Amino acid sequence: MLEKLQKIFKRGGLKGSPFGGLGSFFTDWHCHILPGVDDGLPTMADALEVLATYEKMGITRVWLTPHIMEDIPNTTAGLRERFAELHAAYSGQVTLNLAAENMLDNLFEERLAARDLLTIGERGDHLLVETSYFNPPMDLHGALDRIKAAGYYPLLAHPERYTYMDEKDYKDLIARGVKFQLNFPSLGGFYGGTAQKKSRWLLKQGFYTVAGSDLHRPHTLDRLSPLPPTIPNEL
Ligand SMILES: [Fe+2]
């Protein structure tokens with residue numbers, strides 16, 4: 001894997017910071033770097049290599065957002081334990097934070113009712129959530145309302161990737177107080193033309209609050225692009 005990363009460097013893909021003028025103030029708000037817990041990086045060695053590359057890219061803070069869903073029923077305790085192992089193994093400069101990418105399914109409803117959650121953001125009051133790419137959950141608005149009633153702000157992961165959402169849906173969600181997280185690779189068309197078109201429209205509307213890599217594999221590092229200035233990238 002290290003060779004792959006070195007090749008990316010040699011191609012010039014990561015010359016200095018790929019995030020333009022952001023220098024050392026870049027935060028990745030969504031990634032699957034916590035190793036061996038979901039469909040992301042498999043080993044601790046992989047995670048350490050990617051973090052070393054992040055450091056060279058000028059990324060100073062990373063929110064680790066492993067999946068929690070019925071199909072990948074990670075527990076908050078188990079993820080905290082793995083996070084502690086990564087923290088102990090990593091001696092670099094990137095600040096590591098643990099959160100989760102929560103699928104809006106029945107398991108999420110149980111965890112929400114029990115307040116058994118990993119929040120995202122400094123204030124501990126946001127939840128990164130996702131749905132199926134193709135179908136909305138049974139009661140999307142109800143789930144979002146329950147999140148807010150429980151005292152959290154919903155942060156919707158990669159809204160541009162949901163095929164069932166259109167411009168009206170996005171406007172409606174923004175009006176309901178939902179925040180949006182851009183996947184960088186969407187802007188470059190790596191998930192296809194529709195997601196790319198939607199990401200450009202959402203960007204133009206100023207609907208994105210934060211951005212992330214959604215990195216699952218190191219070879220996708222070269223899909224990152226400069227952070228568009230219209231994204232505050234802070235919660
Ligand atoms: Fe993700």
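This tour moves through the structure from the whole chain to single strands and residues.

**The whole chain.** The model is predicted: local features need pLDDT of at least 70, side-chain atom pairs count only at pLDDT 80 or more, and totals for chains, interfaces and linings use all residues. Residues are numbered from 1 along each chain as its sequence is written. Select the protein chain; eight helices and nine strands are present (DSSP runs numbered from the N terminus, H or I of at least four residues for helices and E of at least two for strands). Colour the chain by pLDDT, the predictor's confidence in each residue, from 0 to 100. The mean is 90, and 89% of the residues reach 70 or more. Over residues 4–24, however, the pLDDT is below 50.

**The sheet with E1.** Select strands E1, E2 and E4, which form an open sheet in the order E1-E2-E4 with parallel pairing (strands pair if DSSP finds at least two bridges between them). E1 and E4 (95–98) each have a single partner strand, so one side of each is left without a neighbour in the sheet. The twist averages 20° from one strand to the next. Three bridges join E1 to E2 (residues 59–64), and Phe26 stands opposite Ile59 in E2.

**Trp29.** Next, select Trp29, in the loop between E1 (26–28) and helix H2 (44–57). Is Trp29 buried or exposed? Trp29 is buried, with 28 other C-beta atoms within 10 Å (buried requires 20 or more other C-beta atoms within 10 Å of the residue's own, exposed 12 or fewer, partly exposed in between, with C-beta atoms placed from the backbone). Not counting residues up to four places away in sequence, Trp29 touches Trp63, Gln181, Val210, Ala211 and Gly212 (contact means C-beta atoms, placed from the backbone, within 7 Å). Leu182 is 153 residues from Trp29 in sequence, yet the two are 9.2 Å apart in space, C-alpha to C-alpha.

**Strand E8.** Finally, select E8 (residues 179–183). Four of its five residues are buried, so E8 is largely enclosed by the rest of the structure. Strand E7 (residues 153–157) runs parallel to E8 and is joined to it by three bridges; E9 (residues 208–212) pairs with E8 in the parallel sense over four. Phe180 in E8 stands opposite Leu156 and also opposite Tyr208 in E9.

Conventions. Two residues are in contact if their C-beta atoms, placed from the backbone, lie within 7 Å. Axes are lines fitted to C-alpha atoms, for helices over the stretch in contact, and angles run from 0 to 180 degrees between N-to-C directions.
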